[in-house]
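Take the model a piece at a time.

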Amino acid sequence: MNHHDQKVRLIADQVRSIAADPSVLGGRPISYVKKSVSHVVPNPYQQGGAPKIDLSPLNEILEIDVDNQICIAESGVTFTELTRQTVPLGLMPVVVPELETVTIGGAVSGCSIESQSYHLGGFHDSCLEYEVIDGRGDIITCSPTERPDIFQLVHGGYGTLGIVTKLKFKLMPCKPYVHLDNVLFDNFDDFWAALLQHCQDADFPFIDAIIHDPEHFVLCLGRMVDYAPFLSRYDGTEIYYKSTLTKSEDFMELRHYFLRYDGECHWLTKTVPGLENKIVRKLFGKLFIGSTKLIKLSNMLKPVLRRAKLRPDIVVDVFVPKQRFADFFEWYKTDFDFFPLWIVPYRMPEFYPWIADEQKARAENQNFMIDVAVYGKPNCDPEIDYSERLEKKVAEVGGIKTLIGRNHYSPEEFWQTYSKPRIEAAKAAMDPQNLFGTIYDRMVLKK
């Protein structure tokens, strides 16, 4: 803890120095150096921040309390490292995002959900306390009882309230293996009815789905077990999402289940010619397979896209209210017609404070959402920007489009989804000089 405190004081001193002379920012927000890649989708037209503050030392697990099932860790710890240390102790985070280098701090700043989220919410819902450096360089602690207004808005703040440096969060018991049942449907109605029934019955701890096309729906139902008759891995030549069409049953080590989508970054290897071929994967997989490598490749292509004035492919998650999902899917298969889709049912414990009251009304005050992950749709039609079209449709059905991709909102549209009064009040308390930027300015496309 003493070593942690020293690291945090160094970062706080840098923020304090900038706060004393904000002109060094040149009108841009503070930016950071981190050990892991950013999981905000690379955008060739988004302006970066300055100057850079090095957050890479914040990568240590500080305490695992086995008896009370609680962990304290720095914000740069990845879930991969976290589960490497907790699973041998028979414990796991309550929700584990699916990509290898997602950090616990990043999971809170944005939104990270997974197949546990239909009954456990997001990772942030398991958090008990945050340590944050505010825009004055002060180190504060917030929790549901200490500065709860700040605690509730750190999630979904995308780093605009301060720098999260330490998190305290719950763990839960686990077993070493996952047994998956992949249930195939040939029509939407039967698939949808089965998904809702399993979510209601809560008969499997892990529930997600893949819509391969409008005639192939796979419901993926998982439970933890002590014994596995065989084991599959999807970090080499085998491809997870394709396996769900051919395997009605599967077994994985728990840590490999967590990362089952990482090799393809869901299915983004489809966008790299030949990378789904087994021979190519065996020869060149070390260079390209895995979310981190694919994100780095996307970052390298940003200047090319900018010079050619091209749009990047669509990579985004949208949350659609459960009661509107059938309508949304009917529109999607006609107007978008891009598959596969990752489907994750997600029950918020309650509506989060950053969600505007108008948005709650559009969602009919129903806090059960369906995460629809649209990963890799080409967006090169000169007449149609499909990213913007999706954004407008999600708003129309009362949904929420996550901000990890390209965003097109006017200020008026943006504040119909996000709570301007609550966000601005927290911003005034935490970052009065706007060193970290506003959510709108940091996340919404300027071109």
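Predicted model: local features only at pLDDT ≥ 70, side-chain atom pairs only at ≥ 80, totals over all residues.

A charge sits over a ring if NZ of Lys or CZ of Arg is within 6 Å of the ring centre and within 35 degrees of the ring normal. K322 meets this over the face of F368, at 5.4 Å from the ring centre.

Residues are numbered from 1 along each chain as its sequence is written, and side-chain values use heavy atoms, with hydrogens and water left out.

Now the helices. Helices (H or I, at least four residues) and strands (E, at least two) are DSSP runs, numbered from the N terminus. Helix α1 holds 19 residues, 2-20. The expected span is 1.5 Å times one less than the number of residues. For α1 that gives 27 Å, and the end C-alpha atoms are 27 Å apart, which agrees.

Which residues of α1 are buried? Buried means under 20% relative accessible area, exposed over 50%, and partly exposed in between (1.4 Å probe, protein chains only). The buried residues of α1 are H4, K7, V8, I11, A12, V15, I18 and A19. They cover an arc of only 130° around the axis, which puts them on the same side of α1. The arc is taken over the directions from the helix axis to the C-beta atoms. An α-helix has 3.6 residues a turn, so residues three or four places apart point the same way. On the other side of α1, N2, L10, S17 and A20 are exposed. The cover over the buried residues of α1 includes strands β2 (52-54), β6 (127-133) and β8 (163-173); contact here means heavy atoms within 4.5 Å.

Helix α2 spans residues 79-86, with F79, T80, L82, T83 and T86 buried. Their arc is only 160° around the axis, which puts them on the same side of α2. Among the elements covering them are β5 (91-93), α3 (104-109) and α8 (254-258).

Next, the aromatic rings. Rings of Phe, Tyr and Trp (its six-membered ring) pair if their centres lie within 6.5 Å; planes under 30 degrees apart count as stacked, over 60 as edge-to-face and the rest as tilted. The whole structure has 36 aromatic pairs. One of them, F79 with F123, is edge-to-face, at 4.9 Å centre to centre and 85° between the planes. This pair links distant parts of the chain: F79 is in helix α2, F123 is in the loop between α4 (117-120) and β6, and they are 44 residues apart. Both F79 and F123 are buried. The ring centres of Y261 and W342 are 4.9 Å apart with planes at 55°, so that pair is tilted. Y261 lies in the loop between α8 and α9 (278-288) and W342 in strand β14 (341-347), 81 residues apart. Y261 and W342 are both buried.

Last, the salt bridges. Each is a side-chain nitrogen of Lys or Arg within 4 Å of a carboxyl oxygen of Asp or Glu. A search of the whole structure finds 25. E276 bridges to K242, with the closest N and O atoms 3.0 Å apart. E276 is in the loop between α8 and α9 and K242 in helix α7 (240-246), so the pair ties together parts 34 residues apart in sequence. K401 and E391 meet at 3.3 Å, N to O. K401 counts as buried at 2% relative accessibility, and E391 counts as buried at 4%.
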